[in-house]
Amino acid sequence: GLMESRCFKQGGVRVTAPGIDLCNHAGDKANCIVRFVSEVPKDNDDLAKKETKMKLQVSPDRFKPIEKGEEITISYGYQSNDIYFSYFGFVPFDNDNDTAVLFESVEDLSEFLKLAGEEIQSDLCRNETTDNLAARILSSTSSSSSSQSFSIASNGKIESNLSKAFDACELNQSQRAIVIQKRCHEILTNGPFVGTTVREDLRIAESEEEEEKHRVCARYRVAKKEIYAFPLKKKR
């Protein structure tokens, strides 16, 4: 929510910082960083009683002072666009950390592999039941939840839990590529983003006549479509 989007994390605890929370995100180009520093108060000689303070400092990667009138920026971390979009209401351009969900759950993935068994020429996927495939996948991943999702990242990188699921189902590189391409094509043609074309989304995202919320949504759709389209471009 709004409150959570204005918090910083320290040791698993969310901390509010009025003033600092007004700084915009600039990723690697941020001119400042936020640090948590433990210090002993000047009027206290007890070294065990330290206070944790939040400090806004000029980035150590910056070799010149911040000019008068220059905007102070920080990094909100290396996140997927889902986090930026849901918590902060914006979508950065060219986000290398963005991901796109291929399968919403273990059941979703196991059912897809079972149906694709013949096409990818996998004896295991053809002969095992969907429940047995699901059990294999679940035992291979770090999460015990059957509702965990499986994603790919920008430039076609396979996320760790999906790679482990493929290992558990004994799929080779060629079979994995077919599964990913088949799923990406399915999502692009029948999934949640079919209402607009990439060209239409780009026009909205770049138009100054559109409301900001519409431009942000369009940038989000473009980023996801580009991730899904990447494996299909490699197929060609």
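Let me start with a word we need: a pocket, on a 1 Å grid over the protein atoms alone, is an open set of points where a 1.4 Å probe fits, with protein on both sides within 12 Å along at least five of seven lines, and its lining residues have an atom within 4 Å of a point. Rolling a probe the size of a water molecule over the atoms shows where empty space is left.

Before we look around: this is a predicted model, where local features need pLDDT of at least 70, side-chain atom pairs count only at pLDDT 80 or more, and totals for chains, interfaces and linings use all residues. Residues are numbered from 1 along each chain as its sequence is written, and side-chain values use heavy atoms, with hydrogens and water left out.

So, which residues lie nearest the centre of the second largest pocket? They are D94, N95, V222, A223 and E226, out of 20 lining residues. Helix 9 gives the largest share of that lining, seven residues. Helices here are DSSP runs of H or I with at least four residues, strands are runs of E with at least two, and both are numbered from the N terminus.

Now the largest pocket. It is lined by 42 residues, and H25, S75, Y76, G77 and Y84 lie nearest its centre. Among the elements giving two or more residues to that lining are strand 4 (32-39) and helix 2 (81-88).

Back to helix 9, and to K224, which is found there. Is K224 buried or exposed? It is buried, because its relative accessible area is 3%; buried means under 20%, exposed over 50%, and partly exposed in between, using a 1.4 Å probe and protein chains only. A polar atom of the K224 side chain lies 2.4 Å from the backbone oxygen of T99. Compare A177 in helix 7 (residues 173-190): at 30% relative accessibility, A177 counts as partly exposed.

Finally, the core. In soluble globular proteins, nonpolar side chains tend to be buried together. A nonpolar core is a set of buried Ala, Val, Leu, Ile, Met, Phe, Trp, Tyr and Cys residues joined through side-chain atoms within 4.5 Å. The largest one has 32 residues, with L102 and L113 making the most contacts inside it. Helix 7 and helix 9 (212-235) are among the elements supplying at least two residues each. A second, separate core of six residues includes F8, I20, C23 and C32.

Conventions. A polar contact is a pair of N or O atoms within 3.5 Å; within protein, one must be able to donate a hydrogen and the other to accept it, and residues adjacent in sequence count only if both atoms are side-chain atoms.
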